[in-house]
Amino acid sequence: MKEKLLLLKELALNELVHAADTNELESLRIKYLGKKNELANLMKEVGKLSADIRPEMGKLANEVRDEIEERVAVLRADLREKA
């Protein structure tokens, strides 16, 4: 699961940085942070993990989500400033 989370983060951040406008950025935000996306599915799986690794994977999943959310916010501000 750790590898999946890290790969998802890498893919998301790479796609987000190439967003050309706010519409594309919003589409990518939904793709990675919407209710029915891979990150949400992975976060649901965290609850099914054994108790010894659940806290670590939960923390990592939250960090991935937070980093993607932060990058979206920064890029949105940059795109609005340029417009």
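E67 is partly exposed, with a relative accessible area of 30%, where partly exposed covers the range between buried, under 20%, and exposed, over 50%, for a 1.4 Å probe and protein chains only. The model is predicted, so local features need pLDDT of at least 70 and side-chain atom pairs count only at pLDDT 80 or more, while totals for chains, interfaces and linings use all residues. Residues are numbered from 1 along each chain as its sequence is written, and side-chain values use heavy atoms, with hydrogens and water left out.

E67 belongs to helix α4, residues 54-82, helices being DSSP runs of H or I with at least four residues, numbered from the N terminus. Leaving aside neighbours within four places in sequence, E67 is in contact with K9 and L13, contact meaning heavy atoms within 4.5 Å. Between E67 and A12 the C-alpha to C-alpha distance is 9.9 Å, although 55 residues separate them in sequence.

| Pair | Axis angle | Axis distance |
|---|---|---|
| α1 (residues 2-17) and α2 (residues 22-33) | about 170 degrees | 10 Å apart |
| α1 and α4 | roughly 0 degrees | within 10 Å |

The angle between α1 and α2 makes the two roughly antiparallel, whereas α1 and α4 are roughly parallel to each other; angles over 145 degrees count as roughly antiparallel and those under 35 degrees as roughly parallel. The α1 side of the contact with α4 includes K2, K9 and L13, and the α4 side includes E56, E67 and R71. By class, this contact of α1 with α4 has 13 nonpolar, no polar and 5 charged residues, where Ala, Val, Leu, Ile, Met, Phe, Trp, Tyr, Cys and Pro count as nonpolar, Asp, Glu, Lys and Arg as charged, and the others, Gly among them, as polar. Towards α2, residues L8, L11, A12, E15 and L16 of α1 meet L25, L28, K31 and Y32.

The buried residues of α1 are L5, L8, A12, L13 and L16. They cover an arc of only 125 degrees around the axis, which puts them on the same side of α1, the arc being that of the directions from the helix axis to the C-beta atoms. These buried residues pack against α2, α3 (38-46) and α4.

In the loop between α2 and α3 lies N37, which counts as buried at 6% relative accessibility. Not counting residues up to four places away in sequence, N37 touches I30, K31 and Y32.

Conventions: Axes fitted to C-alpha atoms, helices over the stretch in contact; angles between N-to-C directions. Parallel < 35°, antiparallel > 145°, perpendicular 65-115°, else oblique.
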